[in-house]
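Have the viewer open as you read.

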Amino acid sequence: MNSNIIETNFGKKVDLQRISEGSASPITKSGAFYMFSVRISGEDVREYCFTNRDRAVSMRSVLVSHLAQKMQMEAKKKVI
């Protein structure tokens with residue numbers, strides 16, 4: 001099992017899963033849609049809308065895990 005805890009250049013240990021969860025907004029209902037947004041980078045914010053709350057919840061968790069994996073790959077590239 002991969003650990004999502006990495007050590008930064010400053011010596012602090014951070015949990016990538018918690019950071020990626022903080023990059024995703026909570027699910028809110030707006031009209032007939034359930035919406036949330038995910039901040040991929042400083043300028044890249046993506047909004048997602050679903051008509052079913054269960055789909056929104058499952059997709060948010062999938063995107064959060066993908067974001068954590070992306071952060072982990074970027075951290076490995078910086079080390080090499």
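The report below covers the fold, the strands, the core, the aromatic rings and the salt bridges.

**Ground rules**

This is a predicted model, in which local features need pLDDT of at least 70 and side-chain atom pairs count only at pLDDT 80 or more, while totals for chains, interfaces and linings use all residues. Residues are numbered from 1 along each chain as its sequence is written, and side-chain values use heavy atoms, with hydrogens and water left out.

**The overall fold**

The protein has 2 helices and 5 strands; helices (H or I, at least four residues) and strands (E, at least two) are DSSP runs numbered from the N terminus. Along the sequence, these elements follow the pattern β-β-α-β-β-β-α. Of the 80 residues in the protein, 21% are buried. Here buried means under 20% relative accessible area, exposed means over 50%, and partly exposed is in between (1.4 Å probe, protein chains only).

Among contacts with a separation of 6 or more, 36% are between residues 24 or more positions apart, where contact means heavy atoms within 4.5 Å.

**Strand β4 and its partners**

Two strands count as paired if DSSP finds at least two bridges between them. Strand β3 (residues 28–30) pairs with β4 in the antiparallel sense over 3 bridges, and Thr28 has Met35 in β4 as its bridge partner. These two strands form a hairpin with 2 residues between them, and Gly31 in the turn has a positive phi of about 70°.

With β5, β4 also runs antiparallel, joined by 6 bridges. Here a hairpin links β4 to β5 through 5 residues, and Val38 stands opposite Arg46 in β5.

**The nonpolar core**

Which residues make up the largest nonpolar core? There are 10 residues in all: Ala24, Ile27, Tyr34, Phe36, Val38, Phe50, Ala56, Leu63, Val64 and Leu67. Such a core is a set of buried Ala, Val, Leu, Ile, Met, Phe, Trp, Tyr and Cys residues joined through side-chain atoms within 4.5 Å. Both β4 and α2 supply at least two residues each, and α2 gives the most, with 4 residues. Leaving aside neighbours within four places in sequence, Leu67 is in contact with Ser20, Ser23, Val38, Arg39 and Ile40.

**Aromatic rings**

A search of the whole structure finds 2 aromatic pairs. Rings of Phe, Tyr and Trp (its six-membered ring) pair if their centres lie within 6.5 Å, and planes under 30 degrees apart count as stacked, over 60 as edge-to-face and the rest as tilted.

| Pair | Centre to centre | Angle between planes | Arrangement |
|---|---|---|---|
| Phe36 and Tyr48 | 5.5 Å | 25° | stacked |
| Phe36 and Phe50 | 6.2 Å | 10° | stacked |

The Phe36–Phe50 pair links distant parts of the chain, with Phe36 in strand β4 and Phe50 in strand β5, 14 residues apart. Phe36 and Tyr48 lie in strands β4 (residues 33–39) and β5 (residues 45–50), so their pair ties together parts that are 12 residues apart in sequence. Phe36 and Phe50 are both buried, with Phe36 at 2% relative accessibility, whereas Tyr48 is partly exposed at 22%.

**Salt bridges**

How many salt bridges does a search of the whole structure find? There are 2, where a salt bridge is a side-chain nitrogen of Lys or Arg within 4 Å of a carboxyl oxygen of Asp or Glu.

One joins the side chains of Asp44 and Arg46 at 3.0 Å, N to O. Asp44 is partly exposed at 24% relative accessibility, and Arg46 is partly exposed at 40%.

The side chains of Lys70 and Glu74 also meet in a salt bridge, at 3.2 Å, N to O. Both residues lie in helix α2 (residues 53–79), 4 residues apart, about one turn of the helix. Lys70 counts as partly exposed at 35% relative accessibility, as does Glu74 at 38%.
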